[in-house]
Structure formats: structure tokens, C-alpha cells
Amino acid sequence: MKGLPGTSTGSISLAWLVWLFSTCVGCAFFAHVLFKGEDKTVFMPGPLSSGHHQLAESCDSCHTDAFGGGPVLQESCESCHGDVRKKPFDSHPKAKFSDPRNADMLADLNATQCVTCHQEHKAEITLVNGVTQPEDFCYQCHESIAEDRPSHEGMGFDTCANSGCHNFHDNRALYTDFLVKHLDQPEVLEAAGLPEREFADVLDMLIEYPREQFPVETLSQVDADAPEEKQQDATVMAQWEASGHAEQGVNCTACHTSIAIESKADADPAGNEVHWTDEPMAENCASCHGIEVEAFGKGKHGMRLAAGLSPMSVGAARLPMHEDAAHQELTCNSCHAAHDYDVVSAAVEACVGCHADDHTVAYRNSKHYALWLAETEGNGKPGTGVSCASCHMPRVSQDVDDYNSRIVVDHNQSANLAPNSKMIRGACLECHGLGFSIDALMDDQLIVNNFQGLPAMKNDSLPMARELMESHEKRKNGQ
Amino acid sequence: MKTRSKILFASTIGSAMTLGVAAAIANDAADTPSITPKTMADALHMVMDSDRAVYTRRIVNRLAAKEKVITASEHFEDEKALVLPAQMFRFGAEMVTERAAENPDVNFSYSLQSLWPINSQNAPKTDAEKEGLQFVVDNKGENYYTTEELGGQNYFTAIYADTAVSPVCASCHNDHVDSPRTDFKIGDVMGGVVIRIPIES
């Protein structure tokens with residue numbers, strides 16, 4: 001073999017060997033990461049958005065097929081977000097655009113595909129709420145809005161989605177007739193208060209409730225069905241006896257029965273007939289609290305568990321958290337202690353124990369907290385206190401099945417955060433008028449200090465709705 | 001083989017062949033194109049129109065206008081009210097679109113549009129829609145048929161007059177804040193049902 005001038009055959013062979021060795025090492029490294037490694041971020045084309053960063057090590061949560069393109073990704077989006085991408089929760093559902101008459105419009109902005117507006121791994125163009133579409137996207141279809149709504153004449157193309165104006169998806173608190181219906185409401189409603197939780201009252205309606213095994217009756221320690229050796233901790237037994245579980249007939253084995261680790265329980269050397277597990281998991285909770293656990297898995301607290309990953313840790317959060325809580329992990333028991341599951345503590349202490357942002361830190365100086373203290377100390381009516389959960393895990397009426405609905409604590413605390421006017425219907429309007437609520441959520445400083453003071457600005461939506469209705473009435477009356 | 005067995009054997013074979021031929025003929029009949037896009041569109045429209053007329057007259061008119069036991073509202077969930085007939089129609093159209101996407105062999109779409117739409121997104125967009133909606137207004141009792149190409153796909157497009165079959169159709173549109181026309185009366189053509197069936201060329 002003849003080498004280049006100045007090179008010997010030996011040095012060329014060595015170079016080939018080095019290349020071959022480097023290639024093999026490289027291939028082995030990437031193959032190991034791909035098939036065995038937990039952290040696959042080396043393959044990532046760009047950082048994930050705040051909405052998905054927890055799933056960085058689980059590429060196949062979204063990329064369910066390595067060779068799938070748009071349809072695969074769309075299916076992944078819908079598998080987690082699809083239930084609220086329908087009417088009435090979404091004013092721009094996919095079905096609205098699927099008619100062939102929209103072909104030209106879709107060629108400019110394909111609103112049937114989530115990634116048209118929400119591309120992942122594109123940190124450099126990602127705006128608030130994970131939007132990667134330029135801010136003029138409303139204009140594509142609504143450029144002539146001023147003809148229908150003269151009040152909108154001259155408004156900037158980038159102002160449509162301002163807080164209190166319009167939401168592309170959940171616009172349920174901002175549509176014209178809703179504004180009209182809530183004109184002239186006071187800042188604080190006369191009958192301010194949250195609806196009562198009613199899980200215990202609707203047990204009869206729950207088809208999944210194991211009523212034959214655990215009849216609804218109050219239990220005491222003598223009724224406990226845990227193996228004898230598991231009943232030695234007096235504190236645990238006393239906590240269970242004082243809990244709502246014992247009050248409603250939920251015995252030890254209702255939770256401590258292995259579901260996901262059946263084979264391990266089968267191998268129990270003690271040979272207990274009950275497949276006892278010391279550490280019940282979310283699946284156990286879900287056997288009665290399915291709606292709550294499902295919602296938990298859709299929010300940032302539980303999305304890792306829902307994806308089959310280890311629980312989210314406080315230290316991995318992108319929001320400001322207390323350093324001394326960094327090691328804590330998020331499961332059902334993180335907020336609801338195993339036996340002493342105090343919903344009062346879960347509604348405030350559990351939150352402020354981890355979250356350290358200004359809004360959370362300011363909470364204990366707020367009127368909301370004063371009301372919470374009053375209620376929990378017995379000086380306020382039930383439902384009049386305002387905890388963290390009152391707004392971030394609101395009590396909403398939810399369909400249990402085709403025939404029943406009940407008040408559910410929405411355990412997806414991410415659901416109403418952005419845009420923040422999604423919080424209006426489920427939370428703010430329980431106590432405040434619509435106008436006051438919209439104004440308060442427009443005021444960033446007021447949000448930071450946890451609503452200490454009054455809104456410093458006024459949204460024009462309600463006055464515009466009033467003007468529209470008044471002019472319509474005049475037209476009807478021939479004036 | 002005895003004679004009786006031979007007869008039995010021959011009968012069995014004969015019966016099997018007869019059944020086979022009958023089945024083949026039935027299959028052929030099911031698979032043989034014998035319906036034109038126009039006939040299919042007319043049939044679809046007959047079902048749609050009848051269903052909506054039944055819902056309007058026997059549900060909405062009876063319970064909301066006559067008996068007054070419930071209202072019908074555009075915001076039916078917030079108002080705990082009946083779905084408006086036009087919404088009922090649109091929800092069906094959206095469901096058909098979703099289901100047809102999963103079953104391309106049974107592919108068609110339909111929509112309700114108007115030259116005077118409450119929601120401007122339901123105004124005619126394509127040339128066929130503009131011409132067809134005007135045609136059914138100008139030629140009462142006649143339908144409009146054409147072909148068009150949208151997004152690279154050819155369609156047979158049929159447009160049928162949508163008439164105010166009850167006083168509430170007219171009054172609701174006349175009273176709506178976003179209605180561009182306020183003088184509808186019963187019997188007026190208020191818009192049109194547009195049915196599209198994909199065709200090859």
C-alpha cells in the first residue's frame with residue numbers, strides 16, 4: 001500500500017486501527033445508553049419544555065414508535081391531554097378543523113396537530129405555555145374580527161391571548177355570554193365558599209368500591225384484619241382507628257394488598273393468604289380513588305409515576321423549592337401520610353413544605369390564609385377557608401360515569417395553572433365575582449404577593465360585553 | 001356406495017354449491033358499485049334532515065316551546081339546557097369526521113353553513129359553497145351538485161337548502177347578538193347542508 005507523501009504504511013494502519021477502535025467504542029457507548037441506560041438525554045435534539053422535562057429519561061413516553069412520525073406523536077399527545085381537548089373544555093378541538101373545507105386554512109396552520117403550536121425540544125422558540133407558534137396565529141382565521149366586534153378595532157395581533165381576554169383551548173370563563181351573565185358581581189360573593197367534598201357520601205354510587213369485602217361500617221382496632229405481627233405499632237393503629245378509612249369500613253387489607261407485586265407476595269415465606277404488602281402503591285389507592293389517582297398522574301406531581309418511572313423528586317423540579325426538601329419524592333403518601341392522612345395538612349403544609357417561590361412564601365400573610373386558619377380552628381364556616389389546594393386542586397363536579405357525578409378534588413394541580421384564567425371557573429368564582437377575578441389574575445405583582453391588596457388594573461372584557469349587549473338590545477327594540 | 005347414500009351425498013354437494021353460489025352472488029351484490037355519489041348524498045341528506053326535524057319538533061319544540069319544562073341553549077352545559085338543533089347536527093358531523101378518519105372506506109363529511117352565519121366561520125369558503133348556498137336560496141326546492149378539489153382531493157359536493165321548519169328557528173337567529181340577518185321567518189331558507197364525498201377524479 002502506498003501512503004501519502006511523508007506518511008508510512010505503519011502510521012496509516014495505526015490511524016485505521018484508532019478509527020476502528022473509536023467507532024466501536026462509540027457504537028458500544030450509544031447502544032448501551034439506548035438499550036440499558038436510564039438517562040437518554042444524549043440523544044435529545046434539544047432541551048425539553050417545562051411541561052415534559054420530567055420525562056427526559058423516558059423518550060418512549062412520547063416516541064412510542066421509533067419509526068413513527070406525526071401520527072405517533074399526535075397519539076402520544078392525545079393519550080395524556082386528549083380528554084380536555086374536546087368540547088366543552090376546548091373551544092378549538094381537532095374536530096372543528098377536520099372538514100375538507102378547511103384544507104386551505106390547515107395548509108397555513110394545521111390546527112389538527114398539537115405539534116403545530118407545541119413543538120418539543122425547541123427551547124429557543126418556546127414561549128409561555130409551551131407555545132412555539134408566532135404570536136399572530138389567531139390572525140390566520142380571525143383577521144376580520146373587528147367586523148363582528150367593532151370594539152376589537154385596532155387591537156394588536158399579539159394581544160388576543162392576554163390574561164382575561166381569550167384562551168385558545170379552555171375559554172369557558174371568557175366567552176361573551178358568560179361575561180354577560182356575570183356582569184356587576186361584587187368583589188366577594190355573599191355566599192362565598194367551596195363546595196363540600198362528598199366522596200364519603202357517594203360510596204353507593206361507586207361501582208368500583210369493594211363493598212362486599214369492606215362494608216360501609218365504622219371499624220375499631222379489634223376489627224383490624226392485618227396479620228398479627230403487623231399490628232404492633234400502637235401509633236399506627238391509633239391513627240388508622242381515628243381516620244376516615246376506619247370510619248367508613250376500610251380495613252388494613254383494603255390498602256395493604258399487593259396489586260402490582262403479586263409474584264413477590266406469592267413468595268411470602270409466611271404463607272399468608274392475604275397478599276400483604278408493607279408499602280401500598282398508587283394502584284392500591286386507585287382501587288377506590290381512581291379519579292384522584294388518574295388526575296395525579298396527569299399533573300407534574302405524578303406524571304413520572306404514570307409513565308412508569310421513579311417518583312418525581314423535589315430536587316428535580318424547575319420551580320424554586322426548599323433545599324432541605326430536595327430529597328423528598330412525590331407519591332400519594334407525600335401529601336397524605338400513610339395512616340394519619342390529614343386532608344387539612346395536605347392542603348397547606350404539604351405544599352409549603354416543598355415550594356419556596358414568592359407566591360407560596362407570601363401565602364401565610366394573605367387573607368386567604370387567615371380564612372383558612374379561621375375555618376380549621378373552628379371559627380369559620382366549612383368551605384370558607386382558602387388553602388393552597390382550594391385554588392390549585394379545586395373541588396369540581398366531575399362525571400363519575402355516564403349517570404353520576406360528584407364533587408372531586410382535582411389532583412392534577414397543573415390543570416388550571418396556565419393560562420391562569422383557567423382557574424377562574426373552578427376556584428375564583430366560588431368566592432369572587434368574575435370581573436374581580438379576571439382583574440386579579442391579570443396583575444402579576446398581586447399574584448406574587450399572594451393577593452395582598454387589590455388588582456391594580458382593569459380588564460376591558462366585561463365592559464365590552466356590556467356594550468355589545470346594550471347595543472344589541474337597542475337594535476332589537478328598533479332604537 | 002348404496003343408492004340412498006349416493007343421493008344424500010349428491011344432495012349435500014348440491015346444497016353446498018347452491019349456498020356457495022348464493023353467497024357469492026350476495027357478496028357480489030354488496031360489492032358491486034350500484035349507487036352514484038349523488039344518490040348516496042341524497043340518501044345521507046334524507047337521514048340527516050329527518051333526524052334533525054324530529055329532534056327540532058318532538059324534543060326542542062315540544063319541551064322548550066310548548067311544555068316549557070326545559071330550555072334549549074347554545075351554552076347547554078352551563079345552562080343545563082337542551083342542545084340546539086343546529087348544534088346537534090354539528091356534533092354528529094364532527095363525530096362522523098372522527099369515525100370516517102378511522103374507516104376510509106366509508107368516507108364523507110357534512111356541515112351546516114349559511115350566507116348569514118351566526119359564527120362567521122360557518123360562512124361559505126370555497127367557490128362551490130358560495131355558489132351552491134346562493135343557488136338553494138334562489139331556487140327553492142332544488143339542490144346544488146358539483147365537484148371540487150380541496151387539499152389535493154377531489155370531492156362530489158352536494159348542497160341542500162336548510163329551511164326554518166319551526167318558528168323558533170327563525171326567532172333564535174333573529175334575536176342572536178351575532179346574527180347578521182334579523183328578518184327570518186318560518187319557511188325561509190336560512191342556509192344549507194353541504195355534503196362532500198371523496199371521488200377519484
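This is a predicted model: local features need pLDDT of at least 70, side-chain atom pairs count only at pLDDT 80 or more; totals for chains, interfaces and linings use all residues.

Reply: Chain B and chain A bury about 2100 Å² between them, and 44% of that area lies on carbon and sulfur atoms. Buried area here means the accessible area, found with a 1.4 Å probe, that two parts lose on being put together, summed over both. On the side of chain B, the residues that lose the most area to chain A are B:Asp78, B:Gln121 and B:Val177, which together give 26% of what that side buries. The contact (heavy atoms within 4.5 Å) takes 30 residues from chain B and 24 residues from chain A.

Residues are numbered from 1 along each chain as its sequence is written, chains are lettered from A and ligands numbered from 1 in the order in which they are written, and side-chain values use heavy atoms, with hydrogens and water left out.

Consider next the pairs that cross the interface. In general, side chains of opposite charge can pair when their charged atoms come close. A salt bridge is counted when a side-chain nitrogen of Lys or Arg is within 4 Å of a carboxyl oxygen of Asp or Glu. Between chain B and chain A there are 6 salt bridges. One of the salt bridges in the model joins the side chains of A:Asp99 and B:Arg196, at 3.6 Å from N to O.

Which elements of chain B supply at least two residues each to the side that touches chain A? They are helix H3 (85–102) and strand S1 (109–113). Helices (H or I, at least four residues) and strands (E, at least two) are DSSP runs, numbered from the N terminus. By residue class, the side of chain B that touches chain A divides into 7 nonpolar, 12 polar and 11 charged residues. In this division Ala, Val, Leu, Ile, Met, Phe, Trp, Tyr, Cys and Pro count as nonpolar, Asp, Glu, Lys and Arg as charged, and the others, Gly among them, as polar.

Salt bridges that share partners join A:Asp99, A:Arg101, B:Glu129, B:Glu148 and B:Arg196 into one network. The term buried means under 20% relative accessible area, exposed means over 50%, and partly exposed lies in between (1.4 Å probe, protein chains only).

Chain B has 5 helices and 4 strands, which follow the pattern α-α-α-β-α-β-β-α-β along the sequence. Of its 201 residues, 35% are buried. Among contacts in chain B between residues at least 6 apart in sequence, 56% join residues at least 24 apart.

For comparison, two further salt bridges lie within chain A. The structure holds 25 salt bridges over all chains. In one of them, A:Asp184 pairs with A:Arg466, the closest N and O atoms being 2.6 Å apart. A:Asp184 lies in the loop between helix H6 (176–181) and helix H7 (234–241) of chain A and A:Arg466 in helix H22, so the pair ties together parts that are 282 residues apart in sequence. A:Asp184 counts as exposed because its relative accessibility is 64%, whereas A:Arg466, at 30%, counts as partly exposed. Another salt bridge joins A:Lys298 and A:Glu294, with the closest N and O atoms 3.5 Å apart. Both of these residues lie in helix H11 (residues 282–298) of chain A, 4 residues apart, about one turn of the helix.
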